[in-house]
Amino acid sequence: MKSTIFLGAALTAFAKLASGAGVTGAAEGFARGVTGGGSATPVYPSTNAELVSYLGDSSPRVIILTKTFDFTGTQGTTSGTGCAPWGTGSACQVAINQNSWCNNYEPNAPKVSVSYDNAAILGITVGSNKSLVGQGSAGVIRGKGLRIVSGASNVIIQNIHITNLNPRYVWGGDAITLDNTDMVWIDHVKTSLIGRQHIVLGSNPSRRVTISNNEIDGSSSWSATCDGHHYWALYFTGSNDLVTLKGNYIHHTSGRSPKVGGNTLLHAVNNYWYANSGHAFEVDSGANIVVEGSVFQNVDLMVDTSSVSGKIFTSPNTGTNAACSAYLGHTCQVNAFGSTTSYVGSDTSFFPNFSGKNIASASSASSVQSSVQGNAGIGKI
């Protein structure tokens, strides 16, 4: 009798867990309305092969991660000759000669031996109508990233940690890649120990994207700046992209946090940049950026002033910020700075591009540091 009662209680508990499994909350900003796998019955992969199959098939899926999926070593390793454009010191990243990059772009850099894990080079393909959600703090993908490409749309990635993608090597792998997509929400994700980009939006259009409440952790034993701060963080250069970047904790980077170009409309709101030894924003041709209500603490340069060829509005003061109201639906919030070289950008010529779009709300920068640190990343929903 006792065993029957125990079994019944266990089944009831599991049913409650399963019924409550899935996405928490809803996307703000440009990807508002994304549903991912919707009401599909949750599935719980137990092997790498199951995870890859669920992510890549044509069925709507709610995929719950309850463990670490470790891909390191599963596709072997490659040894060869790379290059060291940033120096041969023990803290410097070196580059894989991917697509003859060393030969074509750094022919005079010292040649070095490289040995890297093959699994990290190309991420797992994610199909349309998928929700990938971690349970608690348990959902970890180690040694391989995710690719939402080739027309895939309506995808939610929430509450997982992607880590250990050949962090010693440039071209060692990207954590999350978007290219030719639409309606993607990346939320409460942590990325760490990445060889190349933490999040990259490729040259093809990624259209409507919301990146919210994530932790971009650039701490590493190797970096292109040889100082423990990862240079390749966020790369937004799509040909027709609308990107909401809200509530993210971006720390221990040294550049490209983000680089913005192509034809990208970026609304960067209520983020916390911390401990950047180089620059946060790289404003390339085709960039249209609003930065508001954010905190920059111990960031060497808010903007790389050597490369401003796009448009940026940095919400410099309350009077100037009133221009936001007609297009973003609110007066833009001033940013806050500590031990940071700020930048004044007052270009409003691109504001009409926000008209008719879903725009994220903005709060004062005064509470951003504490709220973002308490909320961003895995295990906090």
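In this predicted model, the bond between the sulfur atoms of Cys324 and Cys332 has a torsion of about -105 degrees, so this disulfide is left-handed. The two sulfur atoms lie 2.1 Å apart, and Cys324 and Cys332 are both buried. For readers meeting this kind of link for the first time, a disulfide is a covalent bond between the sulfur atoms of two cysteines.

How many disulfides does a search of the whole structure find? The search returns three. Another of them connects Cys83 with Cys102, at an S to S distance of 2.2 Å. Its handedness is left, with -75 degrees about the S-S bond. Cys83 belongs to strand E3 (residues 77-83) and Cys102 to helix H3 (residues 101-105), so that distant parts of the chain, 19 residues apart, are linked. Cys83 is buried, and Cys102 is buried too.

The disulfide of Cys92 and Cys226 has its sulfur atoms 2.0 Å apart. Here the link is right-handed, with 115 degrees about the S-S bond. Cys92 sits in the loop between E3 and strand E4 (94-95), while Cys226 sits in the loop between strand E18 (215-217) and strand E19 (234-236); the pair therefore ties together parts that are 134 residues apart in sequence. Is each of these two cysteines buried or partly exposed? Cys92 counts as buried because its relative accessibility is 9%, under the cut-off of 20%. Cys226, with a relative accessible area of 27%, is partly exposed. When the bonded cysteines are counted along the chain, the disulfides follow the pattern 1-3, 2-4, 5-6.

We can now turn to the sheet. Strands of a sheet pair through backbone hydrogen bonds, either parallel or antiparallel. In this model, nine strands make up an open sheet with parallel pairing, and their order is E1-E7-E10-E14-E17-E20-E23-E25-E27. At the edges are strand E1 (61-65) and strand E27 (311-313), each of which pairs on one side only. On average, neighbouring strands of the sheet are turned by 10 degrees against each other, direction ignored. Helix H2 (residues 48-56) packs on this sheet, where it touches E1 and strand E7 (130-134). The direction of helix H2 makes about 150 degrees with that of E1.

Strand E17 (residues 207-212) runs parallel to strand E20 (residues 241-246), and six bridges join the two. In this pairing, Arg207 stands opposite Asp241 of E20.

Technical notes:
Residues are numbered from 1 along each chain as its sequence is written. This is a predicted model: local features need pLDDT of at least 70, side-chain atom pairs count only at pLDDT 80 or more; totals for chains, interfaces and linings use all residues. Side-chain values use heavy atoms; hydrogens and water are left out. Two strands pair if DSSP finds at least two bridges between them. Helices (H or I, at least four residues) and strands (E, at least two) are DSSP runs, numbered from the N terminus. Axes are lines fitted to C-alpha atoms, for helices over the stretch in contact, and angles run from 0 to 180 degrees between N-to-C directions. Contact means heavy atoms within 4.5 Å. A disulfide is a pair of cysteine sulfur atoms within 2.5 Å. Buried means under 20% relative accessible area, exposed over 50%, partly exposed in between (1.4 Å probe, protein chains only).
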